[in-house]
Amino acid sequence: MPEFALLSYVAVMSITPGPNNLMLTASGVNFGFRRTIPHMLGISLGCAFQVFLVASLLSLLLDGIQAARLPLALLGCAYLLWLSWKIARAGQPEAGAAAKPLGFVGAALFQWLNPKAWVMVINAAILFMPPALEQRWLGASMLALVFAVVNLPCIGVWAWAGERLRAWLSSPRALLGFNLSMGVLMAATALWLLYDEFQPHGRTQPAEIAAAPAAARPVGTMSVFDSGLSVISVK
């Protein structure tokens, strides 16, 4: 059975505000819960595949992941800024006719550009993978299953809440104001993530943790910042 620390970590990281949940709320408002389901499934299964791949190949990928972290963060934040523009315009009549919700494939691929998803996946792989190499595939499969099962209902809350708001946002002016607000929040999230990427965090590097003997590996403790972005601070 998955340990409580893993379940609580995935639940907190999944349900706190972030790019995925802001997009789901906007999609719920504009397209309804049912049409947002492929978006939700793309997030959950895409994130599950991401954690499976990273966890199962952790020893081989850590150096490459760290080297690619900044380019991926820059690309992801640029994409978030573009999405914030699309969300802000979703309430305009001329844009509404051609608008459609993000599909399964697009949502799944977005996880590889989502900075919050990378933080969640790498930390989970480092802290919750079994130390024995022969258990690597089983451990990675368990992590992926936990991510998919726990993540989906957590993010579904945001899509459901968005649909509940539709009646309150029936007028074009109210809908435009909501989408502008969501677009601004998305842009602020992207800029905060970009700012945070250049800050010296002073935390133990993942490669150092992975290289340590199993008995000497530190225990992670979870903290949630006001921004809704969670990290594992290794002590």
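A polar contact here is a pair of N or O atoms within 3.5 Å; within protein, one must be able to donate a hydrogen and the other to accept it, and residues adjacent in sequence count only if both atoms are side-chain atoms. The views below come from a predicted model, in which local features need pLDDT of at least 70, side-chain atom pairs count only at pLDDT 80 or more, and totals for chains, interfaces and linings use all residues. Residues are numbered from 1 along each chain as its sequence is written, and side-chain values use heavy atoms, with hydrogens and water left out.

View 1. Let's start with S14, a residue of helix 1, which covers residues 4-15 (helices are DSSP runs of H or I, at least four residues, numbered from the N terminus). S14 is buried, at a relative accessible area of 3% (buried means under 20% relative accessible area, exposed over 50%, partly exposed in between, with a 1.4 Å probe and protein chains only). Its side chain comes to 2.6 Å from the backbone oxygen of V10, and it also makes a 2.9 Å polar contact with the side chain of N151. Beyond its neighbours within four places in sequence, S14 is in contact with N21, M120, N151, C154 and I155 (contact means heavy atoms within 4.5 Å).

**View 2. Helix 1 against helix 7.** The two helices pack at an angle of about 175 degrees, and their axes lie 11 Å apart (axes are lines fitted to C-alpha atoms, for helices over the stretch in contact, and angles run from 0 to 180 degrees between N-to-C directions). Helix 1 is therefore roughly antiparallel to helix 7 (the term applies to angles over 145 degrees). Helix 1 brings A5, L6, Y9, M13 and S14 to the contact, while helix 7 brings K116, V119, M120, N123, A124 and F128.

View 3. Where helix 7 starts, a side-chain oxygen of N114 reaches to within 3.1 Å of the backbone nitrogen of K116.

**View 4. A167 in a loop.** Finally, A167 sits in the loop between helix 8 (136-164) and helix 9 (172-197). A167 is exposed, with a relative accessible area of 60%. Although A167 and V29 are 138 residues apart in sequence, their C-alpha atoms are 8.9 Å apart in space.

Definitions and conventions: Angles under 35 degrees count as roughly parallel, over 145 as roughly antiparallel, 65 to 115 as roughly perpendicular and the rest as oblique.
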